[in-house]
Amino acid sequence: MKKIKLILYFPPEKTDKPFTYHLVKDYDVIFNILQAEVQPGKRGRLTIELEGTEENIQRALAFTRDYGIEYRPFNKNIVRNQGECVDCGVCTSVCPSGALYMDTDTWKLNFDEQKCLVCELCIRACPVKAIDVNMFD
Amino acid sequence: MGKTFEEINEKIRKGTVVVATAEEIIDIVEEKGIKEAARQVDVVTTATFGPMCSSGAFLNFGHSDPPIRMCKIWLNDVPAYGGLAAVDTYIGVTELSETKGMEYGGAHVIQDLVDGKKVRLVAKSYGTDCYPRLDIDTYITLEDLNQAYLFNPRNVYQNYSAATNTSNKIMDTYMGTLLPQCGNVTYSTSGELSPLLNDPQLRTIGIGTRIFLAGTQGYIAWEGTQFVLNREMIDDDTTMYSGATLAVIGNLKEMNSRYLRAASFNRYGTTMFVGVGIPIPVLDEEMMEFLAVTNKDLYTNVVDYSVPSRSRPTLRKVSYQELRSGSIELNGKKVQTAPLSSLRRAREIANILKENIQKGEFLLQQPVHPLPKDRTFNPLKDMVVK
């Protein structure tokens with residue numbers, strides 16, 4: 001089994017089609033929506049995590065392309081500068097997924113990257129600029 | 001049986017003093033009771049590390065040759081006050097850079113100085129017979145300055161309201177980013193470790209009290225601005241204290257940016273995290289009763305920041321135990337809570353202060369004058385000037 005993160009771009013005419021239904025039904029991939037901006041009549045954007053066999057993922061990607069949906073790998077993650085962080089905790093107040101959380105024993109800030117949606121709300125919330133977004137290939 | 005400041009200082013000098021932090025004392029009292037704990041423990045250390053906007057530093061640059069009476073002053077493009085004697089200034093932490101805006105302010109200038117960095121000084125003058133020079137553009141370091149002292153007119157709030165936002169728009173405030181429709185609640189306190197919640201009637205804290213200030217020994221200089229002693233009964237046994245504040249002073253040259261950190265709140269501006277620790281002498285059993293307070297019995301108001309008014313509505317009262325749990329109930333909905341001040345670093349300060357007292361390096365200073373009991377909180381009269 002393999003896991004990848006992707007950003008999909010839906011052209012306006014495709015946003016009301018049951019694309020994800022086919023993805024699951026025909027290619028047996030498990031997907032988890034991390035972020036969605038889909039409105040009928042507008043260009044949509046969906047950030048998803050796909051899990052499946054290597055072959056099924058390749059077939060699902062080919063289907064996505066043929067369907068007229070552009071995609072690119074989701075190549076961002078949130079990085080913390082632990083030397084700058086003062087463990088105030090204010091970033092946890094805006095984190096929608098609970099990826100940033102306080103250890104309620106030590107009151108140290110913890111970060112669970114698996115849960116992170118890379119919504120970047122924490123970057124603007126951090127008063128000491130200890131959080132940044134990292135782009136990778 | 002009581003103890004005096006002098007008796008406790010004698011124990012500190014001899015190395016026999018017994019010190020606990022305001023968190024540790026809770027378990028000690030639980031185990032031994034008030035009376036025995038008051039007999040055994042001499043000093044309880046309290047601390048806080050939170051953003052405190054009413055902070056800044058006085059600096060003296062020394063004279064250039066020929067000398068200048070600096071009228072307009074910038075430090076790394078941040079304006080500093082030019083209305084003092086020739087080469088004196090005050091730089092406040094919330095003053096913003098004229099080139100970098102909210103990313104860099106007076107707080108960052110102060111932190112850069114403390115970190116030993118070079119800071120660019122630009123000053124202009126109208127020129128006088130005694131100070132003929134018209135402008136200067138140079139670099140300074142903290143070491144070069146004759147005097148540099150932090151003087152914060154309002155720090156160490158006794159108790160501060162928690163913040164939420166009932167509107168449909170996201171709000172960027174000095175209490176952090178407040179999500180729409182009560183999406184979160186932020187609060188700023190070290191609660192049961194907080195200085196003025198452990199001596200709520202200010203029996204032992206006053207003008208002249210020696211404190212830990214941002215890594216060095218500083219002093220309480222005066223009542224803080226907007227100082228007022230508020231008391232509200234939560235129930236028969238629980239009082240909500242709020243309103244006391246402190247003006248503090250200390251030598252910037254001895255400070256450490258681990259305990260004095262520049263901050264920038266999105267779309268609000270700059271401020272500074274200030275680390276303050278205050279030792280409280282256990283003079284008698286009544287003091288120990290105060291010091292044994294826990295978050296369960298410490299309350300604050302949850303106020304709605306979306307109401308653009310001086311007196312924002314209170315949605316409910318909440319204990320710090322509930323706020324620390326990670327969520328509270330607000331209008332029937334579970335809302336996540338998050339702190340704004342660092343309890344972790346406050347604990348670090350309380351422990352440093354404890355060690356300094358145990359090692360005989362930090363003596364208690366009895367206040368030379370108590371803080372006022374009769375202050376009121378006056379609003380600004382908004383008269384129309386024609």
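Strand E1 (residues 2-10) and strand E3 (residues 44-52) of chain A pair in the antiparallel sense over nine bridges. Strands are DSSP runs of E of at least two residues, and helices are runs of H or I of at least four, numbered from the N terminus; two strands pair if DSSP finds at least two bridges between them. Within this pairing, A:Leu8 has A:Leu46 of E3(A) as its bridge partner.

This is a predicted model, in which local features need pLDDT of at least 70 and side-chain atom pairs count only at pLDDT 80 or more, whereas totals for chains, interfaces and linings use all residues. Residues are numbered from 1 along each chain as its sequence is written, and chains are lettered from A and ligands numbered from 1 in the order in which they are written.

Both strands belong to an open sheet of four strands in chain A, ordered E2-E3-E1-E4 with antiparallel pairing. Strand E2 (30-37) and strand E4 (70-73) are its edge strands, each pairing on one side only. Helix H2 (residues 54-66) of chain A packs on the sheet and touches E1, E3 and E4. Contact here requires C-beta atoms, placed from the backbone, within 7 Å.

Chain A also touches chain B: the contact takes 17 residues from chain A and 23 residues from chain B. On the side of chain B, E22(B) gives the most, with four residues. The table lists elements of chain B that each supply at least two residues to that side.

| Element of chain B | Residues |
|---|---|
| Strand E14 | 176-178 |
| Strand E15 | 184-187 |
| Strand E22 | 260-265 |
| Strand E27 | 333-339 |
| Helix H7 | 343-358 |

Technical notes. Two residues are in contact if their C-beta atoms, placed from the backbone, lie within 7 Å. Axes are lines fitted to C-alpha atoms, for helices over the stretch in contact, and angles run from 0 to 180 degrees between N-to-C directions.
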